[in-house]
Amino acid sequence: AHRPGLIMPTIRSRCARLLLDPLPPHAIEAAVAALGEPWSAHDPADISAAAAQAEGSVRKALAGLDPQARSFTTMIETMLAELPRFDAGQAHRLADLVSPRGTEARFAALLDAAQRWLDARLRQNGATPRKLAPYAAVWEKLRAAAAEAEAYNLDRRPLVLSLVRDLAEAERRALG
């Protein structure tokens, strides 16, 4: 698992820990080329850019090459960059895109983007515990809510709306 903290403690306690380094961009580029068409048909500059932004993951690089996934990721990143401003209409559009059946990959991309955003905030140099606390609280709430939604097959719409509101509030409290 790339995020062991998201694994249930009872399962995590029975696992051996094996740390692997993320793949370097040149290895990701080679993996994409080895997949053949349609992946290798992309412009080499696009493949290089996707590999550089993939955080060591071939799956993320492939998602970066998919125009629909790239558009969705851009939407999420734009929303996160605008925080603490909360746009309810944008949050509802996002919730509508990850709620129907068959949108598990989009939902996973949203959670991943939110966790990366929170991770960046928690790793800020010179941040005081008071400024970090709101982010840590949202991290824990997100982890628990996502696990519950998956375990009980709950509607993801309320989780997404709550997540966006919580991220905006955490950013507001940390900046204020």
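**Figure 1. Contacts of T103 in the predicted model.** Leaving aside neighbours within four places in sequence, T103 is in contact with L97, V98 and R156. The model shown here and in the other views is predicted. T103 sits in the loop that runs between α6 (88-98) and α7 (104-122). Its side chain reaches the backbone oxygen of V98 at 3.0 Å. T103 counts as buried because its relative accessibility is 11%, and the cut-off for buried is under 20%.

**Figure 2. The largest pocket and its lining.** The space in the largest pocket amounts to about 1,500 Å³. Its lining is made up of 50 residues, and those that lie nearest the centre are A105, F107, A108, A109 and D112. Two or more lining residues are given by each of α3 (44-52), α4 (58-65), α5 (67-81), α7 and α8 (129-151). Helix α7 provides the largest share of this lining, with eleven residues. By residue class, the lining of the largest pocket divides into 23 nonpolar, nine polar and 18 charged residues.

**Figure 3. The second largest pocket.** About 760 Å³ of space lies in the second largest pocket. It is lined by 22 residues, and A1, H2, R3, P4 and L20 are the closest to its centre. The elements that contribute two or more residues to the lining of the second largest pocket are α4 and α7. Ten of its lining residues are nonpolar, three are polar and nine are charged.

**Figure 4. Q115 in helix α7.** Helix α7 holds Q115. Which residues does Q115 contact, leaving aside its neighbours within four places in sequence? They are R3, L6, W139 and L142. Is Q115 buried or exposed? Q115 is buried, because its relative accessible area is 7% and buried means under 20%.

Figure 5. The largest nonpolar core has 30 residues, and L80, L94, V160 and L167 touch the most other members. Helices α5, α6, α7, α8 and α9 (156-175) each supply at least two residues of this core. Its largest share, nine residues, comes from α9. Not counting residues up to four places away in sequence, L80 touches A113, A114, W117 and L167. A second, separate core has nine residues, including I28, A51, A54 and L65.

Figure 6. V58 is placed in helix α4. V58 and A31 are 27 residues apart in sequence, yet their C-alpha atoms are 7.2 Å apart in space. With a relative accessible area of 22%, V58 is partly exposed, because the value falls between the limits of 20% for buried and 50% for exposed.

**Figure 7. Two cis peptide bonds.** Most peptide bonds are trans. The bond from E37 to P38 is cis, with omega near 0°. P38 lies in the loop between α2 (25-34) and α3. The peptide bond from L83 to P84 is also cis, and its omega is near 20°. P84 is found in the loop between α5 and α6.

Figure 8. Most residues other than glycine have a negative phi. E55, a residue other than glycine, has a positive phi, near 55°. E55 is located in the loop between α3 and α4. Its relative accessible area of 45% is the reason why E55 is classed as partly exposed. N153 is not a glycine either, and its phi is positive at about 55°. The loop between α8 and α9 contains N153. N153 is exposed, because its relative accessible area is 60% and exposed means over 50%.

Key. Residues are numbered from 1 along each chain as its sequence is written. This is a predicted model: local features need pLDDT of at least 70, side-chain atom pairs count only at pLDDT 80 or more; totals for chains, interfaces and linings use all residues. Side-chain values use heavy atoms; hydrogens and water are left out. Helices (H or I, at least four residues) and strands (E, at least two) are DSSP runs, numbered from the N terminus. Buried means under 20% relative accessible area, exposed over 50%, partly exposed in between (1.4 Å probe, protein chains only). A polar contact is a pair of N or O atoms within 3.5 Å; within protein, one must be able to donate a hydrogen and the other to accept it, and residues adjacent in sequence count only if both atoms are side-chain atoms. Contact means heavy atoms within 4.5 Å. On a 1 Å grid over the protein atoms alone, a cavity is a set of points where a 1.4 Å probe fits but cannot get out, and a pocket is an open set with protein on both sides within 12 Å along at least five of seven lines; lining residues have an atom within 4 Å of a point. Grid points are joined across faces, edges and corners, and a volume is the space filled by probe spheres set on the points. Ala, Val, Leu, Ile, Met, Phe, Trp, Tyr, Cys and Pro count as nonpolar, Asp, Glu, Lys and Arg as charged, and the others, Gly among them, as polar. A nonpolar core is a set of buried Ala, Val, Leu, Ile, Met, Phe, Trp, Tyr and Cys residues joined through side-chain atoms within 4.5 Å.
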